[in-house]
Amino acid sequence: MTENPALRRLGGYPLARLQELANRLRAEGVPLADFAIGDPDEPTPEPIRRALVDAVGPVSRYPTAVGQRALREAVAGWLARRHGVEVDPEIHVLPSAGSKEAIFHLPLAVLDPHGPRRHVLWGEPGYPVYGRGALFAGGESDPVALGVESGWRPELDALPADRLRRACIAWVNYPHNPTGATADLDWYRRQLDVAREHDLLLASDECYQEIWFDEPAPSVLEAAGDDLTGVLAFVSLSKRSGMTGYRSGAIVGDPELIARLRALRPNVGTASPDFVQAAAVAAWSDQGHVDERRAIFAEKRRVVLDFLETAGIEVSGSQATFYVWFRAPGGDDATYAEALLDERIVATPGRAFGPAGQGWLRLALVPTVEGCHDAVARWGAALQAGRLPT
Ligand SMILES: Cc1ncc(COP(=O)(O)O)c(C=O)c1O
């Protein structure tokens with residue numbers, strides 16, 4: 001049987017041994033302070049769950065890829081309130097089943113596997129799906145190494161012109177996974193200018209948009225203003241509303257690209273069930289629960305940041321998202337993660353997000369506030385006892 005060569009290019013998880021160890025401890029029921037997986041425990045707000053249950057009718061029908069008009073209107077309403085951006089729900093908004101599938105499928109509508117612009121740019125360390133979508137669409141993944149000096153943000157202008165000319169999509173993701181770095185409107189404007197100059201689609205993964213602490217994270221759509229040509233924003237309810245399991249998000253932007261995706265996506269089968277769309281309408285229409293979730297993450301973040309500061313461990317990025325990004329004491333992220341695991345604390349070594357993440361680790365603020373307090377107390381005791389590299 002033939003095989004798509006892209007499957008072989010996925011590569012294994014670079015830290016299989018560590019993951020195996022953590023999984024074994026989890027299976028044995030060893031109580032772990034688990035900061036590894038970006039899927040917090042906070043419950044989905046009750047009105048959202050109720051909206052879903054109320055929408056389950058006696059007859060089941062196929063949902064459509066364009067989604068319910070009410071959902072597209074709810075997304076447009078949220079964009080107007082939260083970002084001051086006016087979009088037309090008919091031509092600028094398309095629902096997705098969370099942002100992951102939408103990110104993965106985007107190149108199918110943009111990338112010509114036989115043309116000269118088969119590359120997809122994305123920042124590394126980063127979410128691997130940008131590159132994987134490129135590979136499966138017959139293109140090439142072209143990661144741009146990010147670093148502490150540039151605030152974990154790329155400058156498209158600093159890339160060699162041939163790298164921009166052979167690309168069809170440039171992905172950006174702020175607030176950023178895994179570093180928690182943020183970007184301001186001027187930065188978005190600069191990237192947009194370069195992207196337009198090179199006829200490159202600027203695709204902005206904004207799934208952590210609502211997890212900010214100092215000031216609200218802007219959207220690429222604000223920077224684009226009235227002209228959405230060559231711009232798409234990918235938004236999601238997963239992190240905003242604690243709805244990772246519901247699978248609901250949206251793609252917003254350039255009407256010509258939205259029209260293409262409207263043609264493509266019915267072939268893929270990506271529509272969320274109608275009862276999920278009903279829950280999504282409830283979620284996008286309410287901001288109170290988002291503020292409450294943000295306050296919980298802020299409290300956990302304070303506990304962890306205060307501890308790292310006291311312990312003299314360097315933190316970078318970490319301005320937004322529910323991730324905290326710190327430099328590995330001793331220099332090796334995998335070694336430090338293993339040492340932390342001995343203390344029953346699970347963190348993700350930065351190399352899991354690509355080679356440019358080496359030497360750093362990510363903490364996802366998943367445990368409760370109390371769990372965070374317990375974990376840092378244990379971490380501090382291990383440091384005192386000299387059991388961890390410094
Ligand atoms: C950067 C980034 N983008 C997209 C996603 C996918 O989110 P979802 O498909 O739940 O909207 C994630 C999930 O963790 C992520 O970290």
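My entries follow, topic by topic.

**Ground rules.** I am working with a predicted model, where local features need pLDDT of at least 70, side-chain atom pairs count only at pLDDT 80 or more, and totals for chains, interfaces and linings use all residues. I number residues from 1 along each chain as its sequence is written, and side-chain values use heavy atoms, with hydrogens and water left out.

I looked up the strand order first. Helices (H or I, at least four residues) and strands (E, at least two) are DSSP runs numbered from the N terminus, and I call two strands paired if DSSP finds at least two bridges between them. Inside, I find 5 bridges between β10 (residues 323-327) and β13 (residues 360-364), which run antiparallel. F326 sits opposite L361 in β13.

**Rings.** I count rings of Phe, Tyr and Trp (its six-membered ring) as a pair if their centres lie within 6.5 Å; planes under 30 degrees apart are stacked, over 60 edge-to-face, and the rest tilted. My search of the whole structure gives 19 aromatic pairs. I picked W152 and W360: their centres are 5.3 Å apart and their planes at 85°, so this is an edge-to-face pair. The pair links distant parts of the chain, with W152 in the loop between β4 (140-145) and α7 (161-165) and W360 in strand β13, 208 residues apart.

W360 also pairs with W325: centres 6.0 Å apart, planes at 5°, so I log that pair as stacked. W325 lies in β10 and W360 in β13, so the pair ties together parts that are 35 residues apart in sequence.

W152 and W360 are both buried, W360 at 5% relative accessibility. W325 is buried too, at 0%. I also note a cluster in which ring pairs link W122, Y127, Y130, W171 and F234.

**Parallel strands.** Strand β5 (residues 167-172) is mostly covered, with 6 of its 6 residues buried. It runs parallel to β3 (residues 119-124), joined by 3 bridges, and V120 stands opposite I169 in β5. β5 also runs parallel to β6 (residues 201-205), with 4 bridges between them. There I find V172 with S204 of β6 as its bridge partner.

**Ligand.** Which residues are closest to the ligand? I count a residue as near if one of its heavy atoms lies within 4 Å. 15 residues surround the ligand, and the closest are S99, D205, S236, S238 and R247. For S99, a side-chain N or O atom is 2.7 Å from a ligand oxygen; for S236 the separation is 2.6 Å. A polar side-chain atom of R247 also lies 2.6 Å from an oxygen atom of the ligand. The protein covers 91% of the 400 Å² of accessible area that the ligand has on its own (Shrake-Rupley method, 1.4 Å probe). Helix α5 (residues 99-110) gives the most to the shell, with 3 residues.

**R240.** R240 is in the loop between β7 (231-236) and β8 (249-253). It counts as buried at 1% relative accessibility. Its side chain makes a polar contact with the side chain of E210 at 3.0 Å (N or O atoms within 3.5 Å, one able to donate a hydrogen and the other to accept it; residues adjacent in sequence count only if both atoms are side-chain atoms).

Most residues other than glycine have a negative phi, and most peptide bonds are trans, so I went after the exceptions. The bond from Y174 to P175 is cis, with omega near -5°. The bond from N177 to P178 is cis as well, with omega near 15°.

D199 has a positive phi, near 55°. It is in the loop between α8 and β6, exposed at 63% relative accessible area. R247 has a positive phi of about 65°. Its place is the loop between β7 and β8, and at 31% relative accessibility I log R247 as partly exposed.

Technical notes: Buried means under 20% relative accessible area, exposed over 50%, partly exposed in between (1.4 Å probe, protein chains only).
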